[in-house]
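Hi there,

Here is the structure I promised to pass on to you. Please open it alongside this email, and I will then walk you through what I found.

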Protein chains: 2
Amino acid sequence: MSSQNDAAAQALPDRTQNPAEDKAPEGGEVSKNAAKKAAKAAKLAAGKADKALNKGIGKSEAKQPSSKAAKKKIDGAAQIGIDVSKEEDFPGWYQQVLTKGEMLDYYDVSGCFILKPASFYIWESIQNWFNDKIKKMGVRNCSFPLFVSEDVLQREKDHIEGFAAEVAWVTHAGSTPLEKKIAIRPTSETVMYPYYAKWIRSHRDLPLRLNQWNSVVRWEFKHPQPFLRTREFLWQEGHTAHLTEEGAGTEVLQILDHYAHIYEDLLAVPVVKGRKTEKEKFAGGYYTTTVEGYIPATGRGIQGGTSHCLGQNFSKMFNITVEDPNAKPEEKLPPVYVWQNSWGLSTRTIGVMVMIHSDNKGLVLPPRVAETQVVIIPVGVVKSLPQEDREAVFKEIDELKDKLESVGLRVEADLRDNYSPGWKFSDGELRGIPLRLEFGPGESKGGFVTAARRDVPGKEGKSEIQLKNLTTAVPALLDTIHDNLFRRADEQFRAHRRTLTNWDDFVPLLNAKNVLLIPHCLTEACEDQIKDLSARKAEEDSDVPEDARAPSMGAKSLCIPLEQPDGIEAGVTKCLNPHCEKLAEKWCMFGRSY
Amino acid sequence: MSSQNDAAAQALPDRTQNPAEDKAPEGGEVSKNAAKKAAKAAKLAAGKADKALNKGIGKSEAKQPSSKAAKKKIDGAAQIGIDVSKEEDFPGWYQQVLTKGEMLDYYDVSGCFILKPASFYIWESIQNWFNDKIKKMGVRNCSFPLFVSEDVLQREKDHIEGFAAEVAWVTHAGSTPLEKKIAIRPTSETVMYPYYAKWIRSHRDLPLRLNQWNSVVRWEFKHPQPFLRTREFLWQEGHTAHLTEEGAGTEVLQILDHYAHIYEDLLAVPVVKGRKTEKEKFAGGYYTTTVEGYIPATGRGIQGGTSHCLGQNFSKMFNITVEDPNAKPEEKLPPVYVWQNSWGLSTRTIGVMVMIHSDNKGLVLPPRVAETQVVIIPVGVVKSLPQEDREAVFKEIDELKDKLESVGLRVEADLRDNYSPGWKFSDGELRGIPLRLEFGPGESKGGFVTAARRDVPGKEGKSEIQLKNLTTAVPALLDTIHDNLFRRADEQFRAHRRTLTNWDDFVPLLNAKNVLLIPHCLTEACEDQIKDLSARKAEEDSDVPEDARAPSMGAKSLCIPLEQPDGIEAGVTKCLNPHCEKLAEKWCMFGRSY
């Protein structure tokens, strides 16, 4: 058994320092002066970042808005690990977890972020899984240009209205002004559909199912947030055309199931499948389905991914038709406008996952998407041990690693000689590695490894695994970790998804971090009213960053869940909004949201 | 054996028609009127496209510059297949092969193209292969932003000089002018290296090896050419940092080997590995290595992919240093600037592959990257056959498909009932499917399939494969096809790579579509002179599109091959340029080039 203390109060070097600052000394020790200096620098950076954000675009040196980072320290925790708590300063915590966990870095163009290998690995895992599924459905990947001409972009009025304010325009090449400005795609409907009109010649060309993995740009002026609201983001966008409404509708739900699967079975994040209201549906589409998640720390809902049926709206704009296959020979029937879908899932997935699982020690990564699933750390290999005994332990660790890799696990052996075991424990926790294996002379003698789960801190998460069971027990334990992360998040979501039939409970329960299922008429005017009634006016102040204002936001409709509770009697049950005279159509989920 | 005629003069519907035109009638027949109409439209489109190009950005309707497409028909060939010959109108042929082979479509922003699934599949094959290799080297994928601020872009002077004229600038978001314009990355050195300076804290962080798959934008004003010269293109860019020159140098060559492997073992394209001269090396770098290909039809060399050692130039600009690991305790040594590499391979690969292998019947795809490797086509299933016999053949074809798929092959069964076998043969040829299997009542009775190779037209490419050998014989035949494509291209490259020791032969051999290995001094002034001496001045006319001017271009240095012939005697052998007084340093490969 390990003789190490896994409270790991040893100082961790700050991996998120600004390039302009001094580099931290190597090794486990960071002086108090350095820590103070870092705190001061963080404050400074936060101030600069706020200023920069107001100007629209920031400067290179001002990009780490750890707002309250330097203020609210976690009592007794390591000074240089995560130094704010998830409970007290959620935005500051989120930023530190991402940067110190090596998932992301801030970038010198405001609203843009660097996805470091640890987070990009998660995206690649999602890509691999989803590519496999959609290729089986007959979807083919392709690549359309980044640019779209103004004419084409504006072909569909409702659609462009949803994006116009956020479109980035290229006006110059080198020092030469372009004759016509060119947009960077905010999404690719209008980029792709002129070609669908050209390529679809016959009903035999249907369904046409294309997908692309790319980035899109939406130049939002709201406070950016890594993964959740960024000016450029990575996603996939599927665009398909079908002969019938039914064919399109079937696919919409297949894709929605895949999205739910990605959240639940890869990221261990529970979601509710549902349909968006008319107010919240995709601009220019027919109907939108969605997977909605929930962030317990803030009590806010979050849209996880959307699968839209566009109906025939775009096919009419872009003239995408086929001859009617039901026409008899010689019969002249009008052409059939195709039914279209589009569906997208973005790197927002990663942000949701981090917000839900991670804790005050850092990241917690679900095992199926973690770049490193297991870290093996030598323990008890003290300097006084004879050299050959130390080498024997290192050799055994290499063998353990090989064994685990031979069953397809992703394993790191942390044999660095300039860090103590405790430092390495904290480092592994900061980076969210799901399972730590400790191995030293004691373990060697006893024929076991000491396992420490990232999802269950302290002694409860520790166990001994016999070496003879290693290749079965470790994969099983990783599955247990996944299941536990999912179960925990699912319990929280269920506990905070409240079914209401009394309006008086609405605002108090909303303020108690719940999302609320209510009987609703599904009209836009009523939604606006509910938003209004549930906002705390006094605190609405545009100078306060959105995160701080979040508790005062009004509730909006998140979705109409596909699984409906009982209790709405057609023609009888009223909409819950006391100012609304209409009858309830469905249970609709409302909440504050991202 | 098949009773079908595989000369397949049956008309193929034109898949590249303009959206504005009438749709071709369904089925195998296209009237002569329709063919004439299409030819006329192509002429019109070509005219419009030329105009549009001169204006910088094209209009939606003017995007298919099949210049001479409508003029030079191949005698006796199908009217609606490829209707110009590779020999007589190479640019027109290339455009038709790509569009009719469903690889690519023209786009309404000039210089941008749509990569359709068939070509994107090839790119995905390259991605999968290369990802596997580089991950084994310790390279990790990540994602840096599309945008770069002006300040950062211009940090390295020589480097930006190489790109400045082609940088696309974003100046507005919606209708709001940005306070500072923002560039779209032409490459990511300056995007990434400020963060390398931040992340690299110690020699223990080295080597740092990151790669990204993305698109970059270089707003060229020269005549665009699909895959070869486009304003946006897909590539991978690797950026690594090393403690020593030696470490960096080793990686440069490992990557170059991987690039050569992609060309030779995936795309069946022979390349010459070499080093660029000072004149041709990467702007701001230390030295550049390259794989150079050769297009027999034009006799021009083409740069296939480059792996650069950047030396310490960027690390000095961006201040990327570590402490000297050789310093004794307490010893103060100056910090060490890291050694950096960058290396990139783009979708140009696909263009080179198409130009080399494809023929007057359409695409020829090498089997390892073809989305469909085998197409099975029913033959002899005439209408007069009893329904149950016809169905029996279809069922057997399904079984053949399953069998071949069970050994990992990518197979299509073309059971469409509205096309004749001959039409399907031509369609498969147009799309470059490496192997066609014909199966009908005769084959069923005899227990075999008739195989027809795409790389060897006519009877010579036909054989019978016993059904009992199917799952071994077909993969073997696909390997044979790959080998044959490579061998053929390699023979052509070798036959046109001429070693010269007499200047008088230079221009005549250049005009005879050769690339030329000559003893050279490696100085820039001498290269400029050789280019001048080998250009045919009279034909230099900027109003003529580059493709037509190509035969008049001067020769430039392609590379200094790593494998050097004998014959240069140090201190004795003169540079081949008659106006150069210097001694030869190396054999250098010169040629007209893309």
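Let me begin with a term: a salt bridge is a side-chain nitrogen of Lys or Arg within 4 Å of a carboxyl oxygen of Asp or Glu. With this rule, the count over all chains comes to 57 salt bridges. One of them joins R140(B) and E371(A), whose closest N and O atoms are 2.6 Å apart. This pair crosses between chains, from strand β3 (residues 140–141) of chain B to the loop between α9 and β15 (374–378) of chain A.

Some housekeeping before we go on. This is a predicted model, in which local features need pLDDT of at least 70 and side-chain atom pairs count only at pLDDT 80 or more, while totals for chains, interfaces and linings use all residues. Residues are numbered from 1 along each chain as its sequence is written, chains are lettered from A and ligands numbered from 1 in the order in which they are written, and side-chain values use heavy atoms, leaving out hydrogens and water.

How far can you trust it? The pLDDT is the predictor's confidence in each residue, from 0 to 100. Chain A has a mean pLDDT of 87, with 84% of its residues at 70 or more. Over residues 1–79 of chain A, however, the pLDDT is below 50, although this stretch has 148 contacts (heavy atoms within 4.5 Å) beyond near neighbours in sequence. Where pLDDT is low, the predicted coordinates should not be read in detail. For the complex, the predictor gives an ipTM of 0.87 and a pTM of 0.88.

Chain A is divided into domain 1 (91–141 + 186–357), domain 2 (374–482) and domain 3 (497–591); these bounds come from an automatic or database domain assignment. The C-alpha centres of domain 2 and domain 3 of chain A lie 49 Å apart.

Next, look at helix α2 (residues 90–100) of chain A. Helices (H or I, at least four residues) and strands (E, at least two) are DSSP runs, numbered from the N terminus. Is α2(A) enclosed or open? Of its 11 residues, 10 are buried, so the rest of the structure largely encloses α2(A). Buried means under 20% relative accessible area, exposed over 50%, and partly exposed in between (1.4 Å probe, protein chains only). Among the buried residues are W93(A), Y94(A) and L98(A), and the cover includes β1 (104–106) and β10 (287–295) of chain A. Just after α2(A), E102(A) takes a positive phi of about 65°.

Now for some strands, which pair if DSSP finds at least two bridges between them. Strand β6 (residues 176–184) of chain A runs antiparallel to β4 (residues 147–149), with three bridges, and antiparallel to β5 (residues 168–173), with four bridges. I182(A) in β6(A) is the bridge partner of S149(A) and also of V170(A). β5(A) and β6(A) form a hairpin with two residues between them, and G174(A) in the turn has a positive phi of about 60°.

R436(A) meets E429(A) at 3.3 Å, N to O, and both residues are buried. In chain B, E429(B) meets K361(B) at 3.8 Å, and these two are 68 residues apart. E429(B) is buried at 11% relative accessible area, whereas K361(B) is partly exposed at 34%.

Happy exploring!
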